[in-house]
Amino acid sequence: MTPSERRRAGTAAPAASREPLQRAEAPGRRELTLLQAVTEGLATALAEDERVIVLGEDVGKNGGVFRATDGLQERFGPERVVDTPLAESAIVGASIGLAAAGLRPIAEIQFMGFVYPALDQLISHASRLRSRSRGRYGAPLVVRMPYGGGVRAPELHSESAEVHLVHTPGLKVVVPSTPADAKGLILAAVADPDPVVVMEPMRLYRSVKGHVPEEAVPTPIGPARVVREGEDAVVFCWGAMVPPALAAARLAEERLSARVAVVDLRTLAPLDRDAIGEWARRTGRVLVVHEAPRTAGLGAEVLAIAQEEAFWHLRARPRRVTGPDAPFPYFSLEDWYLPDAQRILAALEETLAET
Amino acid sequence: MTDLRRVVGPAGEPLHPDAVPLAVAKALLRDMIFLRAFDERAVALQRQGRIGTYPPYRGMEACQAGAARALAPGDWLLPTYRDHGAAMIHGLPVVEALAYWNGRVESYRAPEGVHVFPPAVPIATQIPHAAGIGWGLRLQRSQAAVLCFFGDGASSEGDFHEGINLAGVVRAPVVFFCQNNGYAISVPFRLQTAAATIAERAPGLGVRGERVDGNDALAVHLTVTEALARARAGEGPTLIEAVTYRQGPHTTSDDPGRYRDPEEMARSGLGDPIERLTAYLRAQGAWSEAEDEAAREDARARIQAAVAELEAMPPPEPRDIFDHVYGAEPAWFSREREAFLAGLSR
Ligand SMILES: Cc1ncc(C[n+]2csc(CCOP(=O)(O)OP(=O)(O)O)c2C)c(N)n1
Ligand SMILES: [Mg+2]
């Protein structure tokens with residue numbers, strides 16, 4: 001199957017789909033911000049399937065604190081786009097019930113830092129209602145949440161807490177870094193028979209623009225996206241870390257004459273083991289970048305997979321560029337906390353220098 | 001809203017003129033004038049890019065001053081992100097509040113002996129803390145009590161029910177003080193709960209409930225003072241619903257024009273808390289133009305000094321990220337910090 005056939009079929013591909021690098025858009029092609037693409041994905045889901053409802057805090061009349069649900073209540077009515085009480089456990093728990101009753105809820109958690117009251121529902125219930133009911137009930141719900149730092153948000157609004165979710169068998173976790181994937185992953189998540197968490201990098205909401213097909217083109221859950229090809233090293237990343245990783249790869253080419261591949265994992269659970277193994281084998285030098293603290297971060301799992309799949313091909317120690325093992329600081333310090341192109345480039349330099 | 005406890009009517013009418021001494025009323029008005037001036041200055045600083053996103057408490061000064069002034073010096077205050085007004089009244093230095101909203105990690109530090117918890121940002125999470133602090137004080141035979149602030153939105157969270165219920169069981173000396181300002185960001189109270197009031201949850205949680213006009217500083221002060229006295233006497237916690245109105249946006253990033261009618265505040269019948277108390281004291285002949293001007297001038301000077309202090313703070317250092325993470329710092333952590341900082345300076 002070609003990548004586009006796979007996409008149409010909506011099935012997971014075994015290895016990374018080789019999409020072309022993002023090129024300058026041809027004139028006349030429609031460009032949206034990542035945020036607009038989220039809204040369009042939700043509108044498409046609501047329009048295509050009357051079982052879909054959108055619920056959460058401030059998602060209705062206000063259109064969401066980021067405007068991700070702007071206009072949806074007007075268009076689809078207050079029964080399908082619902083302002084809930086301020087209660088994350090009830091939002092996710094009731095979504096499980098709505099799904100069991102035959103609806104397709106898309107819940108919003110206002111910021112990932114506020115998902116914790118809902119973890120019991122996600123971890124103990126959404127992820128295993130299917131197995132606990134021996135297949136009788138599934139939990140086909142989608143839970144969207146903005147995550148990550150870099151927007152000068154108040155305290156506790158910048159968490160990147162993916163590990164809690166990816167460590168839960170039964171949950172799928174996806175993260176778009178492009179507008180097309182923002183729409184496509186939401187559509188795939190709604191179509192999925194199991195619970196899917198969509199983490200949306202709030203730093204990219206308005207800072208990234210790109211072509212988004214007007215039709216419904218799901219981005220399959222599973223395969224990574226090759227952002228840039230290269231033979232000398234590979235950087236694995238996702239979400240808001242994709243732009244600095246790409247910038248670092250370009251700097252490595254300019255300054256070190258190295259060809260560095262960048263792979264956007266975009267599905268964090270289940271990880272694309274084949275793509276991680278393949279790019280580790282092809283380059284022999286592996287770097288992973290994430291915002292979350294280093295210890296027991298998802299980078300550890302990515303590097304473990306790289307070693308399991310490609311141990312004898314590695315030519316340098318695998319490296320992590322991450323947030324430090326300290327709480328995410330208040331915003332005056334966040335630019336130091338978050339990995340940036342300079343830190344990624346420095347790690348690339350070390351990797352490339354190692355023999 | 002006839003069931004609201006009031007000392008001063010919506011236009012400043014004296015309903016129970018002997019309930020609160022005039023000196024206390026005047027002190028509360030000075031507090032509120034200060035709080036309003038601070039809030040206005042903070043909004044202006046945000047607009048000028050001199051601090052970050054800021055949540056105004058405009059319209060809620062009677063709650064913040066009236067409740068916090070009921071505390072004794074050794075009592076504990078648990079504020080939310082919107083209650084730095086109450087925190088400043090209880091002794092948080094003004095610059096510490098400003099620094100917090102400027103994203104500085106070294107901020108919101110109360111002086112030794114003043115108990116102000118870090119502001120609750122995840123909604124309702126401070127409510128169980130308050131239960132535990134009160135419980136701990138009681139176990140240690142302390143005379144101190146606890147005042148826990150939260151909003152109407154918080155009353156929907158599990159932590160609200162869990163914390164107050166537990167406090168009732170252990171008879172914790174806590175006053176749970178809900179500022180029902182009509183909104184949780186854009187969600188109006190009628191969508192928050194099908195119940196008519198928050199106070200009516202109290203019997204179901206096994207605690208005493210009170211409902212007070214939150215724009216009447218004297219009624220708030222009296223109600224909280226009585227509840228604190230019961231708490232200290234071992235009579236257990238009280239849940240107080242103070243009905244007020246958030247005059248401004250949720251934060252400086254919010255646009256209330258999207259979800260509420262600008263005429264709504266007038267219809268609330270609560271009036272403005274500062275105008276109400278001013279009218280009351282004027283009618284008693286207890287508040288002159290000169291006193292008013294002096295209170296404003298004093299507020300301006302205190303705020304100006306705090307802004308100057310804020311802007312004289314040395315710039316933040318990446319090293320600060322690692323401060324106070326552990327009481328006894330593990331060796332690996334110190335090594336990681338040094339490696340991290342060395343990496344930044346390359
Ligand atoms: C657990 C949690 N969920 C969501 C949020 C986002 N949020 C911040 S303030 C707020 C509304 C709070 O309303 P209320 O309790 O009435 O307090 P108010 O802002 O009116 O003072 C929301 C939803 C949060 N901070 N914490
Ligand atoms: Mg409120």
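A:Arg225 and A:Asp181 pair up in a salt bridge, with their closest N and O atoms 3.8 Å apart; the term stands for a side-chain nitrogen of Lys or Arg within 4 Å of a carboxyl oxygen of Asp or Glu. Before going on, some housekeeping: this is a predicted model, where local features need pLDDT of at least 70 and side-chain atom pairs count only at pLDDT 80 or more, while totals for chains, interfaces and linings use all residues. Residues are numbered from 1 along each chain as its sequence is written, chains are lettered from A and ligands numbered from 1 in the order in which they are written, and side-chain values use heavy atoms, with hydrogens and water left out.

Let's stay with chain A. It splits into domain 1 (14-211) and domain 2 (225-353), the bounds coming from an automatic or database domain assignment. The C-alpha centres of these two domains of chain A sit 25 Å apart. Domain 1 of chain A puts 36 residues into the contact and domain 2 of chain A puts in 34 residues, where contact means heavy atoms within 4.5 Å. Together the two domains of chain A bury about 2,800 Å², with 54% of it on carbon and sulfur atoms; buried area here is the accessible area (1.4 Å probe) that two parts lose on being put together, summed over both. Across this domain interface of chain A there are 2 salt bridges, along with 10 residue pairs in polar contact (both at pLDDT 80 or more). A polar contact is a pair of N or O atoms within 3.5 Å; within protein, one must be able to donate a hydrogen and the other to accept it, and residues adjacent in sequence count only if both atoms are side-chain atoms.

Now for chain B. Its assignment gives domain 1 (22-315) and domain 2 (319-346), and the C-alpha centres of those domains of chain B are 36 Å apart.

How do the chains meet? Chain B brings 40 residues to the contact and chain A brings 37 residues. The area buried between chain B and chain A comes to about 3,200 Å², and carbon and sulfur atoms give 62% of that. On the chain B side, B:Arg258, B:Ile321 and B:Glu336 lose the most area to chain A, together 19% of what that side buries. B:Glu336 also turns up in a salt bridge with A:Arg294 (3.7 Å, N to O). The count between the two chains is 2 salt bridges and 7 residue pairs in polar contact (both at pLDDT 80 or more).

Finally, look at ligand 1, which lies between chains A and B. There are 20 residues around ligand 1, and A:Glu88, B:Tyr81, B:Arg82, B:Val121 and B:Asp152 come nearest; to be near, a residue needs a heavy atom within 4 Å of the molecule. One oxygen atom of ligand 1 is 2.9 Å from a side-chain N or O atom of B:Asn181, and a backbone N or O atom of B:Ala154 is 3.1 Å from an oxygen atom of ligand 1. From chain A, the side chain of A:Gln110 has an N or O atom 3.4 Å from a nitrogen atom of ligand 1.
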